[in-house]
Amino acid sequence: MSNNRVRNVIFCDDIRTENNGKLIAIGIYSDNMSVPSFPFNGTMSFLIAVDMSDVEESVFIHFDFIPASEIRSKVELRFEVGILPNAIRRNNVILFPSPQLPFSIADEGYMMFREKSEAGEILQEFRIFIGRAPLAVVSQERS
């Protein structure tokens, strides 16, 4: 099996855990996110699907969360998949939420989730484009 274990990443505003163990992903984005203006300060969460098909014990997943073209905030997290309390296991895939991460972005560009090897090599990248929201056009009818 290849070293990359992350099968998918869902970008969203927040992920919450219900008292019955269910995860709720709030504000799921497609391949882009619109913001009212730049610079922009916000938060982002990820729902991460990790392949555990050939793992008997815990595995570490390293990733960088890098906002857009001018990196004004960078977060590097390391998850030990075997001990995550709010992860959901389905067959050989574990779904687990990231914490809500703050970011600051100066101009439009890509926010990236990079899976990395133990040595720091980038194995794969998931990204979302962040751009300015179009201005709303208000039309008035004349009588």
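These legends accompany several close-up views of a predicted model.

View 1. Let us start with the overall picture. The protein chain has 0 helices and 11 strands, and its pattern along the sequence reads β-β-β-β-β-β-β-β-β-β-β. Of its 143 residues, 39% count as buried. The chain exposes about 8,800 Å², and carbon and sulfur atoms supply 46% of that area. Among contacts with a separation of 6 or more, 65% are between residues 24 or more positions apart.

**View 2. Asp14 sits in strand S1.** Strand S1 spans residues 6-17, and Asp14 is found there. Is Asp14 buried or exposed? Its relative accessibility is 15%, and buried means under 20%, so Asp14 counts as buried. The side chain of Asp14 makes a polar contact with the side chain of Arg16, at 2.9 Å. Leaving aside residues up to four places away in sequence, Asp14 touches Ile24, Ala25, Ile26, Ser45 and Gln100.

**View 3. Strand S11 pairs with S3 and with S10.** Here you can compare two senses of pairing. Strand S3 (residues 32-35) and strand S11 (residues 122-132) pair in the parallel sense over 4 bridges; look for Ser34, whose bridge partner in S11 is Gly131. Strand S10 (residues 109-116) and S11 run antiparallel and are joined by 8 bridges. Met111 has Ile128 as its bridge partner in S11. The hairpin of S10 and S11 has 5 residues between the strands, and Gly120 takes a positive phi near 95 degrees in this hairpin.

**View 4. Phe11 and Phe46 form an aromatic pair.** The structure holds 3 aromatic pairs. In the pair of Phe11 and Phe46, the ring centres are 5.1 Å apart and the planes are at 70 degrees, so the pair is edge-to-face. Phe11 lies in strand S1 and Phe46 in strand S4 (residues 40-51), so the pair ties together parts that are 35 residues apart in sequence. Both Phe11 and Phe46 are buried.

View 5. How are the rings of Tyr110 and Phe129 arranged? Their centres are 5.3 Å apart and their planes are at 70 degrees, so the pair is edge-to-face. Tyr110 lies in strand S10 and Phe129 in strand S11, so the pair ties together parts that are 19 residues apart in sequence. Tyr110 is partly exposed, with a relative accessible area of 36%, and Phe129 is partly exposed with 28%. Look also for Arg127: its charged end sits over the ring of Tyr110, 4.2 Å from the ring's centre.

Notes:
Residues numbered from 1 in each chain as written. Predicted model: local features only at pLDDT ≥ 70, side-chain atom pairs only at ≥ 80, totals over all residues. Heavy atoms only, no water. Helix = DSSP H or I, 4+ residues; strand = E, 2+ residues; numbered from the N terminus. Buried < 20%, exposed > 50% of the residue type's maximum accessible area, 1.4 Å probe, protein only. Polar contact = N/O pair within 3.5 Å; in protein donor to acceptor, adjacent residues only side chain to side chain. Contact = heavy atoms within 4.5 Å. Areas by Shrake-Rupley, 256 points an atom, 1.4 Å probe, with all protein chains shown as cover. Pairing = 2+ DSSP bridges. Phe/Tyr/Trp six-rings, centres within 6.5 Å; stacked < 30°, edge-to-face > 60°. Lys NZ or Arg CZ within 6 Å of the ring centre and 35° of its normal.
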